[in-house]
Amino acid sequence: MDADISAPSGAGASAAGASGPAPSRAVIAGDIGATTSRVVLARLDPSAPGPDVLAEAEGPGANLRSSGAEALDHLTGTIREVLERGHQQLGRAPEVAALALGISGAGPARAEDVRRSVGERVAALGIASDRVLITDDLHTAFLAGDVGDDGLLVLAGTGAVAVRFRGREPVARRDGMGWLLGDIGSAVWLGRRTLQAVAADIDGRGRRTLLTEQVGDMLELDLRDGLVPPSPTGDPRQDLIRALDEQLPAGAPAALGRFAQLPATVPEDPAARDILDTAIRHVMDTVRALDAEAALPVVLAGSVLATPGPIHDEVVTGLQSDGRPFCAVTTGLPGALLLAREKAASLEP
């Protein structure tokens, strides 16, 4: 079961006409990950005739711990863009009844800071702070699964975390400690483990792995012999260090995720297989620890777990073997949109 939200098919599509009059009020919802952000302007009343989503915009991620210091400025730009597109669709500036964002990294440790910072920025866009609801992307991803108010969310995207919800509230949690302290099975973790395996290979302190050729192809380097093309430094180890310095922005470890897909391309390779098996085992151990009785539905989310591939496929097999109901969601937007409409309703006199 994948949750999805469809936007108008073209930039010039009209929100009015035969499908119904243009709405006078709208809500904004956002699924804000560490790598990318997706924001939509939607009708306040989903039962009204016409397309539910009026405009959509995508932008950079906005996790303060892994997306860089300007993350929230980038997010503000994405919200401004969706407002401008909504203006074009409607022929006038949309009246925003509520804004709800599920932001990666906006958990209890940073929630108040993020709420304050976002509120200050969107006020400049004409959205009053009392109409803003900020939560983390875990909450919105769980709600997007539409499994009720109780269940497990297991997310592995740029970061990785598992949360048990009761009455929509998180009551138990594993990992989600960031790229430096945890996030096992995440895209950043997979990318980092891949590069560590390659470094050990070319340094002679680890086993030979096909991942070395895979990473070399991505970086356009011969990391095995340094011959074709000729090594820029005369040492493939230094070539790897220099290439990563150039391609991985300082202070933005989310960029490590670009190497995450490589173990799945050579699953027969022992080093790659070990990386994949570690991630799969961690996910299943986490699910069983949070719900030993297999009584709760599981929502799989994030690019690693919600899309086909060795990790997704083998986790699904494990869930089925345990007899656990599960679904996969590719975006937390339906959850954010639900919260935006609930927020708007709560403000009505």
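Helices (H or I, at least four residues) and strands (E, at least two) are DSSP runs, numbered from the N terminus, and the axes of helices are lines fitted to C-alpha atoms over the stretch in contact, with angles from 0 to 180 degrees between N-to-C directions. The structure described here is a predicted model, in which local features need pLDDT of at least 70 and side-chain atom pairs count only at pLDDT 80 or more, while totals for chains, interfaces and linings use all residues. Residues are numbered from 1 along each chain as its sequence is written, and side-chain values use heavy atoms, with hydrogens and water left out.

**Confidence**

The pLDDT, which is the predictor's confidence in each residue on a scale from 0 to 100, has a mean of 88 over the chain, and 91% of the residues reach 70 or more. Over residues 1–19, however, the pLDDT is below 50, although this stretch has 46 contacts in the model beyond near neighbours in sequence; a contact means heavy atoms within 4.5 Å. Where pLDDT is low, the predicted coordinates should not be read in detail.

**Helices α1 and α2**

Helix α1 (residues 71–90) and helix α2 (residues 111–123) have axes that come within 10 Å and cross at roughly 40 degrees. The two helices are therefore oblique to each other, a word used for angles that are not under 35 degrees (roughly parallel), over 145 (roughly antiparallel) or 65 to 115 (roughly perpendicular). The residues in contact are L72, D73, L75, T76 and I79 of α1, together with S117, V118, R121 and V122 of α2. By class, this contact of α1 with α2 has five nonpolar, two polar and two charged residues, where Ala, Val, Leu, Ile, Met, Phe, Trp, Tyr, Cys and Pro count as nonpolar, Asp, Glu, Lys and Arg as charged, and the others, Gly among them, as polar.

**Buried positions**

Buried means under 20% relative accessible area, exposed over 50%, and partly exposed in between (1.4 Å probe, protein chains only). Eight of the eight residues of helix α3 (residues 137–144) are buried, so α3 is largely enclosed by the rest of the structure. After α3 comes D146, whose phi is positive, near 55 degrees.

A197 and T209 are twelve residues apart in sequence, and their C-alpha atoms are 7.5 Å apart in space.
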